[in-house]
Each structure stands twice: as structure tokens, then as C-alpha cells.
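Me: I'd like to go through the pockets and the helix packing here, starting with whatever lines the pockets.

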Amino acid sequence: MNQSSCVTITPGESLNPWQKVGLELITYLHRGRDVIVAIDLTGSVNFNEEGNTRLRQILQDSLRSGDSVYIVPFAAEVNPLNPQKSSLGEVIKFKNKAEDIEAVINKIFAAYQEGLRNTDIQKAELFVYRELARLNQCRLSDNIPIKSQSIVWITEAPLLQAPGISSDIWKETPASSKFRQKNSPESKERQAWIDALPLEKRSQTITTNNNKSYQLSVIDIPPTVQEFCTPTPGGKQTCLVNSYLIKQLWLPSLVMLIFILGSAVGLKYFLSLQKPWNLEVRFPDDEDREKQKCILKNKQKITIGDQGLKSIYCPGEEIRGYLERQGNQLYLKPTKEAPIYYRGKEIIKKTKLNSQTIKLNCPNTFKNNQDFDIVISLINK
């Protein structure tokens with residue numbers, strides 16, 4: 001991913017519901033999330049047995065194959081590990097293995113330093129939210145799939161507080177911190193990211209061995225990017241997200257459309273197989289004989305020449321053949337016991353009947369092979 005194409009990133013414009021659905025679909029089609037484990041390095045956080053157990057529980061139960069895990073330690077300053085590789089430090093590609101969990105745990109404990117004091121929580125929040133937004137904006141610029149994102153905060157400090165954090169709310173904010181000032185550029189930028197990103201917070205209190213407590217919080221960020229729409233000549237405007245969605249989703253949409261159309265055609269065909277055909281049989285050469293009504297289901301056949309209930313009359317005692325339905329096709333299968341003609345030709349092998357109205361000739365062997373026409377109409381094929 002080319003991060004140089006999106007070094008500067010600021011909060012953009014609101015996304016419409018369809019754009020949000022499109023971004024959700026992209027992350028559904030491509031596995032993997034960005035997961036940051038943000039650790040307060042001051043003495044307020046003490047990993048006792050319960051904290052260790054809950055952290056492992058989070059890693060085991062929530063991390064999935066394909067996730068990218070970053071460790072972000074912080075106190076008065078934010079200090080990602082190995083920042084030369086990435087602004088967020090070295091990434092651990094999670095492959096759902098026990099050694100991957102141990103790698104994350106080991107890197108967390110390796111981040112601890114003795115004697116650190118004062119936690120500038122709002123500086124850490126600005127860093128994390130801005131860098132996560134930058135990751136997805138880089139993906140948008142490079143036309144690659146964006147990701148859902150999560151932050152696991154391990155800190156006693158309060159999260160998502162209003163700008164201008166005072167000592168009454170959190171006394172450990174360094175006296176020189178710009179985040180103590182409500183209208184400082186840093187405070188405004190942090191609040192802008194909190195307003196722009198769809199943050200979803202869940203927390204669990206951990207009690208330490210010395211009866212103090214801290215929060216183990218998870219903040220999820222559904223897939224999102226920053227939209228920037230710019231006017232262009234001719235009364236139009238150009239936007240980032242719609243063109244990105246088209247590039248990302250045209251092929252999956254085409255596959256989905258083909259699948260839907262194929263399913264619709266398949267369902268229509270399946271239903272047509274379940275539908276019985278109504279046949280009307282007339283005997284032009286025997287005006288006294290009434291019309292016959294027959295029902296023909298898939299994989300059934302009707303005898304021609306038998307005297308039974310499910311048969312079509314013709315002169316003589318021989319069975320001339322069978323009308324067989326196979327799917328939505330109708331066939332005439334001769335027995336060769338007596339001649340049967342279709343379109344002026346004697347049928348000597350199984351023959352497909354293509355028209356809605358079928359005229360068969362069963363010559364009367366008792367009357368010098370006098371023609372005896374049978375007209376079969378398919379009423380609702």
C-alpha cells in the first residue's frame with residue numbers, strides 16, 4: 001500500500017446510506033481488519049492474572065485470520081514500536097495460530113517501561129483515530145479493499161471525553177499538553193475525528209492486585225473512508241467514494257447479478273417441471289367421439305391405442321406408442337405393433353414433438369388402413 005499518496009488526511013463529508021452499505025460489502029468480500037492494542041505504560045495499568053486472562057480472551061475470541069494487529073504504547077507521548085516501518089509500528093499478521101497470540105502478548109509486555117508517569121490520553125486518541133483513518137484512505141487512493149477497524153484500549157484514563165480535558169476529569173494529562181485547551185488545533189482535530197468516525201465503545205473494568213482499577217475497552221469502527229466532493233465545470237461535482245465503490249464492486253455485482261438471474265431462471269424452470277400439462281384430444285375422423293381431456297406430469301406417459309383410462313383412443317387393439325413427457329419436452333415413442341404417422345412420416349423411433357398442436361395419424365387396420373387422425377393440443381404448456 002502506497003502511504004505516500006495520502007500522507008495528509010482530514011475528516012471529510014458524511015457518507016450516505018448506500019455508500020455505507022457498499023463499504024460494508026467490500027469488507028464482507030475481503031477478510032481482515034485493522035486491530036490496534038493501545039497500552040497505557042504508566043503504573044496505573046497493572047497486568048494481574050485477571051487482566052492477562054481477559055486480554056488473552058480478547059485475542060483468542062475476537063482476532064481472526066487475516067487481521068493486522070498493531071501495538072501502540074503511550075504515556076505522556078505516543079510511541080509506536082518500530083515506527084520506521086509504519087506510523088503505527090510493526091504489524092503482526094494474524095493467522096489464527098497460537099504463536100500469533102503469543103507474539104501479540106510478548107510485544108505488549110515488551111512495550112512496558114519503568115517509571116513512566118502522566119498519560120496524555122487525548123493525544124493517544126488523536127494519534128490512533130487519525131492513523132486508522134489514514135490507513136483506509138490510503139487503500140481508497142490505491143483502489144484496494146478497505147477494512148473494518150478496532151482499538152483495544154488498556155488504560156485507566158477516560159476515553160471519548162469532551163475537548164479541553166481538565167484535572168477534575170483526568171489529572172494525569174501533562175500540564176504542557178495542548179489537549180488541556182478546548183480550542184487548540186490539536187483538541188479540535190481530535191474532536192473532528194471522533195465526530196467523523198462511527199465509533200462503537202464497549203468496556204470492562206479490571207481490578208488490580210492493589211485494589212485499583214482500569215478499563216479494558218474495545219472501540220469498533222465499521223468500514224468507512226473520508227468523502228471529499230469537489231465542484232467541476234458544468235454544474236457537476238466529482239467525489240471519491242462512488243467511483244471507488246464502482247471499481248471495487250463491479251465484478252462482484254456482475255457475479256451476483258448473474259447468480260440472481262441464473263437462480264431466477266432455474267426457479268422458473270423448476271416450477272415449470274412441477275406444473276402438469278393439460279392435453280385436449282380431438283378425433284376429426286370420428287365426429288361421434290367426444291374430446292378427451294388428459295393430464296400429463298413430468299416423467300409420465302400416456303398410451304396411444306389402449307382402452308384404459310389413461311390412454312388416447314385409436315382404432316384397433318394394438319398399442320401404437322406412448323406420449324412421454326421429459327422435463328418440458330414431449331416425445332412420441334412407437335411400439336411398432338401398428339403404424340403411427342407424424343407429419344406424413346411413419347414413426348419408427350423416439351421422436352421429439354415440437355408444436356403446441358400435434359396431428360397424428362393411426363391408420364385403421366380394419367378399414368383398409370383408412371386414415372384416422374388424432375389432434376392433440378397442449379393447453380397450458
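Me: Which helices each supply at least two residues to the lining of the second largest pocket?

Reply: Those are α1 (17-29) and α5 (185-196), where helices (H or I, at least four residues) and strands (E, at least two) are DSSP runs numbered from the N terminus. A pocket is an open set of points on a 1 Å grid over the protein atoms alone, where a 1.4 Å probe fits and protein lies on both sides within 12 Å along at least five of seven lines, and lining residues have an atom within 4 Å of a point.

Me: Before I go on, what kind of model is this?

Reply: This is a predicted model, in which local features need pLDDT of at least 70 and side-chain atom pairs count only at pLDDT 80 or more, while totals for chains, interfaces and linings use all residues. Residues are numbered from 1 along each chain as its sequence is written, and side-chain values use heavy atoms, with hydrogens and water left out.

Me: OK, and the largest pocket: which residues lie nearest its centre?

Reply: Of the 16 residues that line the largest pocket, I58, S62, R202, L216 and V218 lie nearest its centre. Two or more lining residues come from each of β1 (33-40), α2 (49-62), β4 (148-155), β5 (200-207) and β6 (213-221), and α2 gives the most, with five.

Me: How does that lining divide by class?

Reply: The lining of the largest pocket has six nonpolar, five polar and five charged residues, with Ala, Val, Leu, Ile, Met, Phe, Trp, Tyr, Cys and Pro counted as nonpolar, Asp, Glu, Lys and Arg as charged, and the others, Gly among them, as polar.

Me: Switching to helices, at what angle do α4 and α5 pack?

Reply: Helix α4 (residues 121-141) meets α5 at an angle of about 50°, with the axes 9 Å apart, and the two are therefore oblique to each other. Contact (heavy atoms within 4.5 Å) involves Q122, E125, L126, Y129, R130 and A133 of α4, and E186, E189, R190, W193 and I194 of α5. By class, that is five nonpolar, one polar and five charged residues.

Me: What about α1 and α6?

Reply: Helix α6 (residues 241-274) packs with α1 at about 45°, their axes 10 Å apart, which makes α1 oblique to α6. Axes are lines fitted to C-alpha atoms, for helices over the stretch in contact, and angles run from 0 to 180 degrees between N-to-C directions; under 35 degrees counts as roughly parallel, over 145 as roughly antiparallel, 65 to 115 as roughly perpendicular and the rest as oblique. The α1 side of the contact includes L23 and I26, and the α6 side includes Y244 and L249; its residues divide into nine nonpolar, four polar and no charged.
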